[in-house]
Amino acid sequence: MNNLENKNTDTEGINGSQLKDSGFSNLKFLIVGIFFGIVFVKAEIISWFRIQEMFQLQSFFMYGVIGSAVVVGIISIWLIKKFDIKTIQGEKIEIQPKTFNKGQIYGGLLFGFGWAITGACPGPLFAQIGTGATVIVVTLISAILGTWVYGFFKDKLPH
Amino acid sequence: MSNEIPFLNILYNYVSMCLKTTPNNKKMSLLEIIKEPWPWYVSGPLIGLTVPILLIIGNKSFGISSSLRHICAACIPANISFFKYDWKKESWNLFFVFGIFLGGIIATYFLANPNPVEITTKLSEQLATYGITDHSGLLPKELFSWESLFTLRGFIMIVVGGFLVGFGTRYAGGCTSGHAIMGISNLQWPSFVATICFMIGGFIMANLILPYILSL
């Protein structure tokens, strides 16, 4: 039923909606993105220094951010399921389950390396460029290239 | 950061954030408070709220690295089956990441913290040994700048690092948002495995390999 589902088990960021988003209805995602980008910068989550402190166990800060985000997320999804909350368009909320494959281990380790080097996951890359660190455009292009190379070799890699 | 003993400090920090006073006991305006760096117990829950917001406004599962895949599908599909899908149906994700970029601009130009980024003394001493002393921005300029790009150290940090982020997240099927936040929130054990691997990779890199890269 879902667009990305047939292609493989990689369903991150999946669109559970069967409705077509028009350009206008996409604006609400732009607004949530703006809010999110502001939080990223103001919490200094996109700071390379914060990520180094996290991986060197020098500060509790990032653990607090991720941990409290997960707690709020768990409670939210539990509430959505318990009360069968619908979307504003009246659709049933669908969340695709994640299926395990070894990519989560190999890819996870490789991403961990990249995260500690760049101090950024994909989301913060966009915010870092917004803060004026224009050279991060190169990091972003390189990340897009990395994604492409993965797609190219996907069937040859252990999963 | 003064958050090493979190639970003793939360209440104190929360109250002082709400009633923040300057040294001469003048109350800070709301804008001045917003301009301060936000503590984890404010920003973490706000990030967590993105999960239900995206689900409720459009049945979308939170995940950011998939935007990189959509960009590939839109620009360079090259007949690779992994990139052959209707990316336009997923364009909400591209609006979302463009919003993050705009949010970065707004936060920097209208809500900027006037002070340099506070970092632990230990980290600043460590970095000084590699000639990294500029803490004025969120990223050290000695590593992430156009001049640095053309040095071996800068190339590894900017280009190789970026490649690993893009390749690794897709191989893992998600990043911090898709696995660590969305996946664990939905109690998916594969996401928990992925998150543990992100952290192991980060610990190995930051503690065992990065020191060699930084001394290049």
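Against which helices do the buried residues of helix 5 of chain A pack? In this predicted model, the partners come from both chains: helix 1 and helix 6 of chain A, together with helix 4 (66-75), helix 5 (91-110), helix 8 (152-172) and helix 9 of chain B. Helix 5 of chain A is itself mostly covered, with eight of its nine residues buried. The buried residues are Pro122(A), Gly123(A), Pro124(A), Leu125(A), Phe126(A), Ala127(A), Gln128(A) and Gly130(A). Just after this helix, Gly132(A) adopts a positive phi of about 105 degrees.

Chain A comprises 159 residues, of which 57% count as buried. When contacts within chain A between residues at least 6 apart in sequence are considered, 51% join residues at least 24 apart.

The packing of helix 2 of chain A with helix 3 of chain A was examined next. Two packed helices are described by the angle between their axes and the distance between the axes. For helix 2 and helix 3 of chain A, the axes come within 8 Å and cross at roughly 90 degrees. An angle of 65 to 115 degrees counts as roughly perpendicular, and these two helices of chain A are therefore roughly perpendicular to each other. Their contact is formed by Arg50(A), Glu53(A) and Met54(A) in helix 2, which meet Phe61(A), Met62(A) and Tyr63(A) in helix 3. By class, this contact has four nonpolar, no polar and two charged residues.

The contact between the two chains takes 116 residues from chain A and 120 residues from chain B. On the side of chain A that touches chain B, two or more residues are given by each of helix 1 (27-42), helix 2 (48-55), helix 3 (61-82), helix 4 (103-118), helix 5 (122-130) and helix 6 (136-153). Helix 4 of chain A supplies the largest share of that side, 16 residues. The residues of chain A on this side divide into 64 nonpolar, 40 polar and twelve charged.

In chain B, helix 9, one of the partners of the buried residues of helix 5 of chain A, spans residues 176-185 and includes Gly178(B). Between Gly178(B) and Leu164(B), the separation is 14 residues in sequence and 17 Å in space, C-alpha to C-alpha.

Terms used
Residues are numbered from 1 along each chain as its sequence is written. Chains are lettered from A and ligands numbered from 1 in the order in which they are written. This is a predicted model: local features need pLDDT of at least 70, side-chain atom pairs count only at pLDDT 80 or more; totals for chains, interfaces and linings use all residues. Helices (H or I, at least four residues) and strands (E, at least two) are DSSP runs, numbered from the N terminus. Two residues are in contact if their C-beta atoms, placed from the backbone, lie within 7 Å. Ala, Val, Leu, Ile, Met, Phe, Trp, Tyr, Cys and Pro count as nonpolar, Asp, Glu, Lys and Arg as charged, and the others, Gly among them, as polar. A residue is buried if 20 or more other C-beta atoms lie within 10 Å of its own, exposed if 12 or fewer, and partly exposed in between; C-beta atoms are placed from the backbone. Axes are lines fitted to C-alpha atoms, for helices over the stretch in contact, and angles run from 0 to 180 degrees between N-to-C directions. Angles under 35 degrees count as roughly parallel, over 145 as roughly antiparallel, 65 to 115 as roughly perpendicular and the rest as oblique.
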